[in-house]
Amino acid sequence: MKGTTRTGFSFEVDENAFNDMEVVDVLSSEEMDATYKMSFLVNRMLGAKQKKALYDHLRDASGRVPVDAVEREMEDIFAAFGQQGKNS
């Protein structure tokens, strides 16, 4: 599945990304904090190459990648999966 976030980041995610028990475990875990969950999901869904591209896309003038910006991008990616399901 391909898409573009509101900020213009183009991504491609395997359509079976949610058919992954480790993703389900992380999403349902009450023991992991939200930041760790986000880090895991970025790695698992985007892979190393797209993760670097996303971080470079979001990097601010100080060289940091804001956590809240990554969260918004991942929300857009998750929403794209929902839209794809509605259009199928």
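Predicted model: local features only at pLDDT ≥ 70, side-chain atom pairs only at ≥ 80, totals over all residues.
# Notebook: salt bridges, core and an aromatic pair

**Entry 1: salt bridges.** I searched the whole structure and found six salt bridges; the term stands for a side-chain nitrogen of Lys or Arg within 4 Å of a carboxyl oxygen of Asp or Glu. Residues are numbered from 1 along each chain as its sequence is written, and side-chain values use heavy atoms, with hydrogens and water left out.

**Entry 2: Asp76 and Arg6.** I looked up Asp76 and found a salt bridge with Arg6, whose closest N and O atoms are 2.7 Å apart. Asp76 sits in helix α3 and Arg6 in the loop between β1 (2-4) and β2, so this pair ties together parts that are 70 residues apart in sequence. Helices (H or I, at least four residues) and strands (E, at least two) are DSSP runs numbered from the N terminus. Next I checked accessibility, where buried means under 20% relative accessible area, exposed over 50%, and partly exposed in between (1.4 Å probe, protein chains only). Asp76 is buried, at 13%, whereas Arg6 is exposed, at 65%.

Entry 3: Which residue does Glu22 form a salt bridge with? I found Arg44, with the closest N and O atoms 2.7 Å apart. Glu22 lies in helix α1 and Arg44 in helix α2, so the pair ties together parts that are 22 residues apart in sequence. I have Glu22 down as partly exposed at 42% relative accessibility, and Arg44 as partly exposed with a relative accessible area of 40%.

Asp20 came next. This residue lies in the loop between β2 and α1 and is buried, with a relative accessible area of 16%. Its side chain makes a polar contact with the side chain of Arg44 at 2.7 Å. By polar contact I mean a pair of N or O atoms within 3.5 Å; within protein, one must be able to donate a hydrogen and the other to accept it, and residues adjacent in sequence count only if both atoms are side-chain atoms. The Asp20 side chain also reaches the backbone nitrogen of Glu22, at 2.9 Å.

**Entry 4: Asp68 and Arg72.** Asp68 counts as partly exposed at 42% relative accessibility, and Arg72 is partly exposed with a relative accessible area of 42%. To close the topic, I noted that salt bridges with shared partners join Asp20, Glu22 and Arg44 into one network.

**Entry 5: aromatic rings.** How many aromatic pairs does the structure hold? I found one. Phe18 and Phe78 form this pair, which is edge-to-face, with 5.1 Å centre to centre and 65 degrees between the planes. Rings of Phe, Tyr and Trp (its six-membered ring) pair if their centres lie within 6.5 Å; planes under 30 degrees apart count as stacked, over 60 as edge-to-face and the rest as tilted. Phe18 lies in the loop between β2 (10-12) and α1 and Phe78 in helix α3, so the pair ties together parts that are 60 residues apart in sequence. From C-alpha to C-alpha, Phe78 and Phe18 are 9.8 Å apart in space.

Leaving aside neighbours within four places in sequence, Phe78 is in contact (heavy atoms within 4.5 Å) with Phe18, Leu27, Leu41 and Met45.

**Entry 6: the nonpolar core.** In soluble globular proteins, nonpolar side chains tend to be buried together. A nonpolar core is a set of buried Ala, Val, Leu, Ile, Met, Phe, Trp, Tyr and Cys residues joined through side-chain atoms within 4.5 Å. The largest one here has 21 residues, and Phe11, Val13, Leu46, Val70, Met74, Ile77 and Phe81 touch the most other members. Elements giving two or more residues to this core are α1 (21-28), α2 (34-58) and α3 (67-87). α2 gives the most, with eight residues.
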